[in-house]
Amino acid sequence: MTWIFENWERFWEVTVVHLRLSVVPVLIGFVLSIPLGWVASRSATARAILFPLANILFTIPSIALIVITPVLLGVKILDEINVIVPLTIYTVALMVRSVADALSAVPGHVTAAANAMGFRPLRRFLTVDFPLALPVTIAGLRVATVSNISMVSVGALVGLGGYGQLFTEGYQTDNSAKVFAGLIGTVVVAALADGLLLLIGRVLTPWARAGR
Amino acid sequence: MGGWLFEPAHWSGPTGIPVRLLEHLGYTLLTLVIAAVIAIPLGAFVGHTGKGGFLIVGLSNVLRALPTTAVLILVVLWAGLGDFPVYVALVLLAIPPIMAGTYAGIRAVDPVTVDAARGVGMRESGVLLQVEIPNALPLIFGGFRGAALQVVATATIAAYTGAGGLGRFVFDGLALQEFGQMLAGAVLVALLAVLVDLGFAGLQRLTVSPGLRPVGTGGTK
Amino acid sequence: MKRIATAVAAVMLLSACGGDPLQGGNNNPAPTDTIVVGSANFPESTVLAEIYAQALAAKGVKVSKRLNIGNRELYFKGVQDGSIDLIPEYSGVLLKHVNKEAQEVSSDEVYTALKKSLPQGLTVLDKSSAEDKDAVVVTKQIAAQYSLKSIDDLVPYCKDLVFGGPAEFQNRPDGLPGLKAKYSCEFKQFKSLDVGGPLTVAGLKDNTVQAADLFTTDAAIKANEFVVLEDPKNVFAAQNVLPLVNEKKASQQVRDTLNAIAKKIDTKTLLDLNQKLSAPDKPEPEKVAKEWLASAGI
């Protein structure tokens, strides 16, 4: 803990990078998973393809994806994109299932009522299906976010920033205080992000608390 | 990658593919056993008594947030090298999904069934072991299989601190900038994950009562 | 709608914290007049990089740091693609990296050959007298057991021993292939450990490996009473510390500053720096570098 206080500037710098590297993939991955999850919720074939694919993607070790990305995309090896792309892929893999399950769980009679009221498909999706799917989606988003925050550390093995830098440096110099500082940072950031998402979920779904 | 993977030399010897595969599988299975021994009773007890649910959820979330690399390094710095740090890190990773699955599974058992069991005169332990757990098995297996996937994928990191397993190919490939080796390692990990999952799916089929098998997966019908 | 708007605002605030997500911070392309200083994945490289970076910054040069990247096989690509402009290097190994067939051994010969062999756009500045070489290291016990003083003495036993080192040691011309070619020494097994770090030291101590690749200025050698075997056939050539730099960023000021540093660094400096870094209170390389610069009067 004292390491954090004694090296506050470095710690803060590392935190900002770590946040950036974990939040961006979650946002992009989430947006990408919405159409995919929607397709999966409507079609059993899509589900049969997407779900196993997502499972397999998740088992590819992150370090491998991070190293392959510059080769595949032709970017510089130290570019942050090399962490953002793999983490986005993992987020999509996680969220497709969440979004699909969430949309499938929207009660049929509600969507029927909306249709009967004359809602066009897009409007129905945005104002009825999606909001009702939010609780399950946000639950998935929380898992994806915490998982991403944990995985960013792997980037340090190829020189990319974040708390992982503290882990590798601490390891090389037998400095467990430094490693511990990074660990605390990761857990605190994860807890804050999780709490924030929980809050956002509550704010966005006032009906879930009505009638208690 | 095909080149590296099908090179016969890489399939023999103490650093060959079969040895690393077995090491990796070994880490995974032992981790899952240890984690299950810890997580299932905990999840079951809290699920059964209904008290302390928030503790389970909270503990799960905290453990899920722990970066495995950091835990691995900390244990190595504290306890030295070898397999012990690997198991500590992987078990901590495997506990949340198994515990959460068990807890959710037990909570989801129809209260009517539980009540009936009590009504028939079963003791609490009987209710738990003969009614709640068997009924919760699908969700317990769900948590277990999720944990298995994560452990197989993450056991790759163990090679960073000198342990064995398929991660060795990934890290050596990285150090040597030999993408063939690295990709081969990654693909083998994914393959192993699929196999392990299939194995547990089979086990699930064998142990879960046919009455609990889902008729069809969800989705709008 | 109001609630949704509030929530969306909250989410945007979260993403705004990092500014434009794909720009900014130390990890992305710096403005063109900034020098990006990199370092390899071991503490000595990092402290040298800190010394370079702080000295340049003190002279008003804009500096950005990318430390602890990886081994040369990895970071050299970053040097070639312009992600890194300046990195502390070791002449002999660098030479063998850009020219596998290089045979030069002495300090000056290596330096001349290096200047000629580097790809277009890259150059090295003045070399210092500081040297840090790879070496074959054994424990005191093993040295006594087999009466070892030089690698020659090890040759009859090589086939029964396990050797540990960084994974890249298996491929480098001044690694296992070099030991095989010059001494006919082929080990029973090679274990990938790390870059002269805790894994390798531990491997030697618990006899997982009987011989290992460590750096001659590593504080662990003295601390554990390891024995560095002599290398009469010069598998490991001269390894003078010098800056590898992107010519476009090597302004006169940069050259003068770094050359001044080269004059002040010698092998003893490296030993001292490593000693300080492994002190119980584990000071940050930044601090150790700062103190050295102050004491060296730069």
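Two strands pair if DSSP finds at least two bridges between them, and helices (H or I, at least four residues) and strands (E, at least two) are DSSP runs, numbered from the N terminus. This is a predicted model, in which local features need pLDDT of at least 70, side-chain atom pairs count only at pLDDT 80 or more, and totals for chains, interfaces and linings use all residues. Residues are numbered from 1 along each chain as its sequence is written, while chains are lettered from A and ligands numbered from 1 in the order in which they are written.

Chain C contains 13 helices and 10 strands. An open sheet of 5 strands in this chain has the order β7-β6-β8-β5-β9, with mixed pairing. Its edge strands are β7 and β9 (227-228) of chain C, each of which pairs on one side only.

Strand β6 (residues 162-165) of chain C runs parallel to strand β7 (residues 189-192) of chain C, and 4 bridges join them. C:Val162 stands opposite C:Gln189 in β7(C). The chain passes from β6(C) through helix α8 (residues 176-183) of chain C to β7(C), and this β-α-β crossover is right-handed; that is, with the strands pointing away from the viewer, the path from the first strand over the helix to the second runs clockwise. Further along the pair, C:Gly164 has C:Lys191 in β7(C) as its bridge partner.

β6(C) is also joined, by 2 bridges, to strand β8 (residues 211-215) of chain C, again in parallel. Here C:Phe163 has C:Ala211 in β8(C) as its bridge partner. In a regular strand the side chains alternate between the two faces of the sheet.

The antiparallel part of the sheet includes strand β5 (residues 134-138) of chain C and β9(C), which pair over 2 bridges. In β9(C), C:Val228 is the bridge partner of C:Val137.

Among the helices of chain C, α2 (residues 43-58) has 16 residues and reaches 22 Å from its first C-alpha to its last, close to the 22 Å expected at 1.5 Å a residue. The expected span is 1.5 Å times one less than the number of residues. Of the 16 residues of α2(C), 14 are buried. A residue is buried if 20 or more other C-beta atoms, placed from the backbone, lie within 10 Å of its own. Just after α2(C), C:Gly60 takes a positive phi of about 90°.

Over chain C as a whole, 47% of the 298 residues count as buried. Residues 24 or more positions apart account for 76% of the chain C contacts with a separation of 6 or more, two residues being in contact if their C-beta atoms, placed from the backbone, lie within 7 Å.

Chains A and B also touch: the contact takes 38 residues from chain A and 30 residues from chain B. On the chain A side, α9(A) gives the most, with 10 residues.

The mean for chain B is 87, and 95% of its residues reach 70 or more. Over residues 216-221 of chain B the pLDDT is below 50, and beyond near neighbours in sequence this stretch has 10 contacts in the model.

Definitions and conventions: Buried ≥ 20, exposed ≤ 12 C-beta atoms within 10 Å, placed from the backbone. pLDDT = per-residue confidence, 0-100.
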